[in-house]
Amino acid sequence: MMGFLHGLFSSLLVLTLLRDVLLLGAWSVQALGVTLDRVVLRGTSAQAVALLALLMTMLGFWNARRTAAVVRVDVPITNLPAALQGFTMAQISDIHVGPTIKTHYLQRIVNRVNSLGADMVAITGDLVDGSVKELGSHIAPLATLQSTHGTFFVTGNHEYYSGAHSWIDALRALGVQVLMNEHVVVHHGNGTQDPERAMVVVAGVTDYTAHHFDENHRSDPHAAMARAPDGALFKLLLAHQPRSAAAAEQAGFDLQLSGHTHGGQFWPWGYFVRFQQPFTAGLHKLGALWVYTSRGTGYWGPPKRFGAPSEITLLRLTRA
């Protein structure tokens, strides 16, 4: 209930500020000789603010608490091997298991991901908001994620607020591969002797701000690429924050999957994300690097999503 009220008060604040601008404009127009009933305008606009804020919050609550919809994205890759044509990656991000998101919410997400039959699953950070002692049992559904090559995870800033070292151990205990400025090589194709079998570098970096919590966790896309095989024609980086993209492009990655922004989560905060991050949501190009930024699969703070729906992303590789 408190989360709902926080979301309501946020919209009331923004709409009240917009109403003040409207009333100021009406006063300016009246000063030019245009006749307006300012008493009626004040009363009507006050009622409209309250009604709109309530409607936005109710719709936002429904959008936040439902299971995220699947967003399908094709990513064109130059010189993509035939064996990787149609290779799929299911991405979930920013679930924020915590005060209002528990086992059943996460289980619904896992069920939907499993229905996609993806070649791999990527969890791009901010999975939790709390300690392993408080929430460890609530991430158990992640152990049942299904894909051809497994589930890969990178830390987000909220893992560091919540005891990242313990969460890394907890996730590994569930069979999730946690990538800490490192990579693994995935062999994709039909059988070990298939000449069309292709290598995929799946790399991950710690959160962009991780060094503020542990200097040994400083995010480093170049280290994540170190000693990657020359024969790998597709190189994927998981990085919680989109602003890792500049270093990722320099390191030679083809695609970066990120989250963090929530797409702004609810109007109008999406307009402010761009002051901190290069991308707010969706697929973008930075030099030779594609960057996909998820709007997130859960929510943070008030259970509210308005104008920025949650998503489970299914990315598919195609030849450019």
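Predicted model: local features only at pLDDT ≥ 70, side-chain atom pairs only at ≥ 80, totals over all residues.
## The six-stranded sheet

Six strands form an open sheet with mixed pairing, in the order β1-β12-β2-β3-β4-β5. The edges are held by β1 (69–77) and β5 (177–178); each has a single partner strand, so one side of each is left without a neighbour in the sheet.

Within this sheet, strand β3 (residues 120–123) and strand β4 (residues 151–153) run in the parallel sense and are paired over three bridges. Ile123 has Phe153 of β4 as its bridge partner.

## Thr313 in strand β12

Thr313 belongs to strand β12. Its relative accessible area is 0%, and Thr313 is therefore classed as buried, the cut-off being under 20%.

The side chain of Thr313 forms a polar contact with the side chain of Glu311, at 2.5 Å. Leaving aside residues up to four places away in sequence, Thr313 touches Val71, Val73, Met89, Ala90, Gln91, Tyr292 and Ser294. Of the strands already described, β1 covers residues 69–77.

Ser310 is located in the loop that lies between β11 (289–293) and β12 (311–319). This residue is also buried, with a relative accessible area of 2%.

The contacts of Ser310, again without residues up to four places away in sequence, are Asn63, Arg66, Ala68, Ala69, Arg295, Gly296, Thr297, Gly298 and Arg305.

## The largest pocket

The largest pocket holds about 430 Å³ of space. Its lining consists of 18 residues, and those nearest the centre are His260, Thr261, His262, Gly264 and Trp300. Helix α5 gives the most, with three residues.

By class, the lining of the largest pocket comprises seven nonpolar, 10 polar and one charged residues.

## The second largest pocket

The second largest pocket contains about 190 Å³ of space. The residues that line the second largest pocket are Pro76, Ile77, Thr78, Asn79, Ala232, Leu233, Lys235, Asp254, Lys285, Ala288, Trp290 and Ala320.

In the lining of the second largest pocket, seven residues are nonpolar, two are polar and three are charged.

Technical notes: Residues numbered from 1 in each chain as written. Heavy atoms only, no water. Pairing = 2+ DSSP bridges. Helix = DSSP H or I, 4+ residues; strand = E, 2+ residues; numbered from the N terminus. Buried < 20%, exposed > 50% of the residue type's maximum accessible area, 1.4 Å probe, protein only. Contact = heavy atoms within 4.5 Å. 1 Å grid on protein atoms, 1.4 Å probe; cavity = no way out; pocket = protein on both sides within 12 Å on 5 of 7 lines; lining within 4 Å. Points joined across faces, edges and corners; volume = space filled by probe spheres on them. Nonpolar A, V, L, I, M, F, W, Y, C, P; charged D, E, K, R; others polar. Polar contact = N/O pair within 3.5 Å; in protein donor to acceptor, adjacent residues only side chain to side chain.
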